[in-house]
Amino acid sequence: MSTFTRYTIDPVTRLEGHGKIEIFLDEAGNVANAYLQIPELRGFEKFAEGRQVEDMIQITERICGVCPEAHHMAAVKAVDAVYHIDPPPTAKKLRELLYSAFYVADHTTHFYILSGPDFVIGPDADPAVRNVFGILKAAPDLTMEVVKARMMGHEIIEMVGGRKIHPCGAIPGGMSHGLDEEKRQQIETMGRSMLEFAKKTITVFDDVVLANSGYVDLIKSDMYTHKTYYMGTVDANNKVNFYDGKVRVVGPDGQELVKYGPDEYTDNIAERVEPWSYLKFPYLKKVGWKGFVDGAESGVYRATPLSRLNASDGMATPLAQEQYERMYATLGGKPVHQTLATHWARTIELLYAAERLLELITDPEITGPEYRKIPTETPTEGVGIVEAPRGTLTHHYVTDEHGVVKEANLVVGTTNNNAAISMSIKKAAEGLISNGKVDQGILNKVEMAFRAYDPCFGCATHSLPGTMPLIVTVRDARGTLVDRIRRD
């Protein structure tokens, strides 16, 4: 009978929501298996039943306080579809303006606060300093710029969407209010400042990550590499778009597998469950589920900033396009399979969001008087899709003739990546752990495998204690306590 040593990282750190990692070592001290477990039940689809469909625009954004804008936009697009209404151009541009400001704020949060400590402070550093406070001490001026960029992003969200958190501006058929010239000028001023910040972020990545050969080797290493399918929303020219377009999927070879509209997602995406997690595992129907393996024969796909770039033919703004080309030239061409390169892709998306924000705020139509159409048709069924920072986000509602929700399904950004995250954790653990040797640095590098995905398990789970302690318990093959490493 085989015996195993079990390592538990509970909860994993520097993410939104709650999850834990289970690592099992065989008798030789090598990794036998590793799992990402989401231990709480998700029930938002059931909460939706019996509600007026227009209420979903406000209800679903309460799933998470980190990216409520994503659920707000996916929900309102789904409700538009339920009522068979196409919002006027000014409304669509106002929505995308809000969404671009949100992207700048959200990508800033992850790059500097959640993943930043691993690079600025170092992956092997003491956990007591490998955090946002360590960054504040190491680079106080830069930290203040980060705070300012996030603040401006949320100010724009409030101007356009009505509230800094949980916006209420998007409604069926358009927006609840328009934008006057005074606010337009204020947003333009902030937008230009955000663009300069985005440019600086590219420089920071160059100076801190690319200039460090050890980090570059880590990015390119096999233990952080998986050859999967990639998903992202693209415009009519196959350029990255966060708010609207079709979902494009390319294979490990970079060739297009499918490009589908919102109402076709059930033809392309299926979801399965495993007994050890409450989070579903989506996969590509056209390929099929082959288990937790990569390659062209496996239906596992990824939907991340890097995935969006892999699935596209480029960026729709000039500065972001330059950086897009530079990344692929540096890493050997498309597609890039190295998970940690997602951090680089995220900085390129941040730059694109700032550029797109300026394009929208200087568009004469942004202050147009027609920003809503009143729904008149009988509600039926609709699907709305946007690109959440963490992946493609799908809302699907089926109603009765009175607009009361009968069925709802949400494929959340992080849920797309659930299988890939599990695979990344296992491969990183296999590459880092041998002969039973485990320390804080190794555990953190295992966590870096999931941290690159910027997972938001807050969209899928909720932890009642409201605290984030970390206790790793190490037991030998007989179950006897060997050591207990605390991070609380």
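In this predicted model, helix α4 meets helix α8 through two sets of side chains: L97, A101, V104, T108, F111 and Y112 in α4 face I187, M194, F197, T201, V204 and F205 in α8. The residues of this contact divide into 10 nonpolar, two polar and no charged. Two packed helices are described by the angle between their axes and the distance between the axes. Here α4 covers residues 89–114 and α8 covers residues 181–210. Their axes come within 12 Å and cross at roughly 30°. The crossing is left-handed.

Helix α4 is mostly covered. Of its 26 residues, 23 are buried. Its length was also checked. At 1.5 Å a residue, the 26 residues of α4 should span 38 Å. The C-alpha atoms at its ends are 36 Å apart, which agrees with that span.

Helix α8 has a further partner, helix α9 (residues 213–220). These two helices pack at an angle of about 90°, with their axes 7 Å apart. That angle makes α8 roughly perpendicular to α9. On the α8 side, the contact involves V208, V209 and L210. On the α9 side, Y215, V216 and I219 take part. The residues of the α8 and α9 contact divide into six nonpolar, no polar and no charged.

The loops were examined next. S115 is found in the loop between α4 and α5 (116–120). S115 has a relative accessibility of 1%, so it counts as buried, the cut-off being under 20%. Leaving aside neighbours within four places in sequence, S115 is in contact with R14, H110, H343 and R451.

Most residues other than glycine have a negative phi, and most peptide bonds are trans. N238 sits in the loop between β6 (229–234) and β7 (246–250). Its relative accessibility is 11%, so N238 counts as buried. The remaining site is a peptide bond. P335 belongs to the loop between α12 (318–331) and α13 (342–361).

Terms used:
Residues are numbered from 1 along each chain as its sequence is written. This is a predicted model: local features need pLDDT of at least 70, side-chain atom pairs count only at pLDDT 80 or more; totals for chains, interfaces and linings use all residues. Side-chain values use heavy atoms; hydrogens and water are left out. Axes are lines fitted to C-alpha atoms, for helices over the stretch in contact, and angles run from 0 to 180 degrees between N-to-C directions. Helices (H or I, at least four residues) and strands (E, at least two) are DSSP runs, numbered from the N terminus. A crossing is left-handed if the near helix is turned anticlockwise from the far one by less than a right angle, and right-handed if clockwise. Contact means heavy atoms within 4.5 Å. Ala, Val, Leu, Ile, Met, Phe, Trp, Tyr, Cys and Pro count as nonpolar, Asp, Glu, Lys and Arg as charged, and the others, Gly among them, as polar. The expected span of a helix is 1.5 Å times one less than its number of residues. Buried means under 20% relative accessible area, exposed over 50%, partly exposed in between (1.4 Å probe, protein chains only). Angles under 35 degrees count as roughly parallel, over 145 as roughly antiparallel, 65 to 115 as roughly perpendicular and the rest as oblique.
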